[in-house]
Amino acid sequence: LEHQAGSDYTGWYRVERFDDPTTSENEFSYRGWAGVRTLPELSKTGVPDDYDGGPVDGNLNDGAKDHILAVTRRWMDPDGDGDPSDGVDGFRLDVAEKIPLGFWRDYRRFVKSINPDAYLVGEIWWEQWPDRMMDPKPYLGDIFDAVMNYRWYMPTRSFLAAAQPPLSASEYVAHLDSVESGIRPAHLRAMMNVAATHDSPRLSTSLYNPGRYKYGVGARDNPDYKVERPDDRTRSIQRMLLVQQFTYYGAPHIWYGDEVGMWGADDPDNRKPMVWADLEYDPEDELHHGGKRSADPVHPDSTLHSFYKRIGEMRSTRAKLFVEGSIRYVLADDERGLLGYERALGDDLVLVYFNRSDQLHEIELPAAALQVVVASEPLDHREDDGRLVLPARSAVVLAKR
């Protein structure tokens, strides 16, 4: 700012005009990312002038690039001794599609040269909001190890919560097959499966409002969006979705507070302070568009928290199976809203069943003598007769005794 066109950093940013010192007006202007002036946009090389993101070759200017690499090295190997064990183990890279592919290839090589096991996950989200998500394949392999897998959550919500657009069991299987198509198993296993983040409504609130995903989800611009504490029906769907998330390909991701039942609409309602058991909180009764609603007590949901711990322990106990095992669908009953699949690796095998309907249904199992590992709702399972009665809006994981 002081040296204007004479600054050593002029090439770092997209400066539109420098100040004319002969006038009293400050003409200095620059391009801010997404129009936000507090986020000056870095200049890029080898891209069209109107480049606004997407899988296009190109790079960042050398000065900014060298600085980013130096910062990266600082956090990966803080004491500079060549041993990365005291540094961070990877990076989640924000709005990664806004940076050209050439930079990310160079970045990956640099990161892996410091720590070959470092994990790189890119935020690859919308190609055309809110209708079409971006194909992550150009960003996998020689760029990222995985992406934030919103493409998993949207159809899973549509099936299990009957959210718009609703999917039947067979349509859901077809949609997951499409999401997985062309992606190498190593990347599927590393996917960051996100059900909620700082950029979306909390999981329970997302399920409580069955409209289109990420559309009209801000309480300030949609007065009809429900911001109160989600009901018991929603909690049962949340537990059912967790069973799918923790038994599917990829790494389950939990947005802080979802595990104790926090709720909230889109940003900033999804960033409320964490709810702790040893603190007391005022009830929530505010409406973001003004006025009051019936008050909801604020406290951790210990029952839900216990379920999160059980489902996490289950996955940890069978980590190799859930990371490397195959998936085979054994049931897709559109009329009754039932879905089943097996995860198998060698002799280790589990069966996972879902009943997303509002009625209980009986399922004939492919084998008797199966034991319940985790159930999202209490159930009466007779282990020796090869049948299972699955309550409404519930899921179960079964394994050999």
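This is a predicted model: local features need pLDDT of at least 70, side-chain atom pairs count only at pLDDT 80 or more; totals for chains, interfaces and linings use all residues.
The residues of helix 4 that are buried are A169, Y172, V173, L176, V179 and E180. These residues lie on the same side of helix 4, because they cover an arc of only 120° around the axis.

The length of helix 4 can also be checked: at 1.5 Å a residue, the twelve residues of this helix (residues 169-180) should span 16 Å, and since the end C-alpha atoms are 17 Å apart, the two values agree. Just after helix 4 comes G182, which takes a positive phi of about 80°.

Strand 15 and strand 16 form a hairpin with two residues between them, and in the turn G346 has a positive phi of about 65°. Strand 16 (residues 348-355) is mostly covered, with six of its eight residues buried. Strand 16 also pairs with strand 20 (residues 394-400), and the two pairings are set out below.

| Strand pair | Sense | Bridges | A bridge pair |
|---|---|---|---|
| Strand 15 and strand 16 | antiparallel | eight bridges | A344 and L349 |
| Strand 16 and strand 20 | antiparallel | six bridges | L351 and L398 |

As background to these pairings, in a regular strand the side chains alternate between the two faces of the sheet.

Terms used. Residues are numbered from 1 along each chain as its sequence is written. Side-chain values use heavy atoms; hydrogens and water are left out. Helices (H or I, at least four residues) and strands (E, at least two) are DSSP runs, numbered from the N terminus. The expected span of a helix is 1.5 Å times one less than its number of residues. Buried means under 20% relative accessible area, exposed over 50%, partly exposed in between (1.4 Å probe, protein chains only). The arc is that of the directions from the helix axis to the C-beta atoms. Two strands pair if DSSP finds at least two bridges between them.
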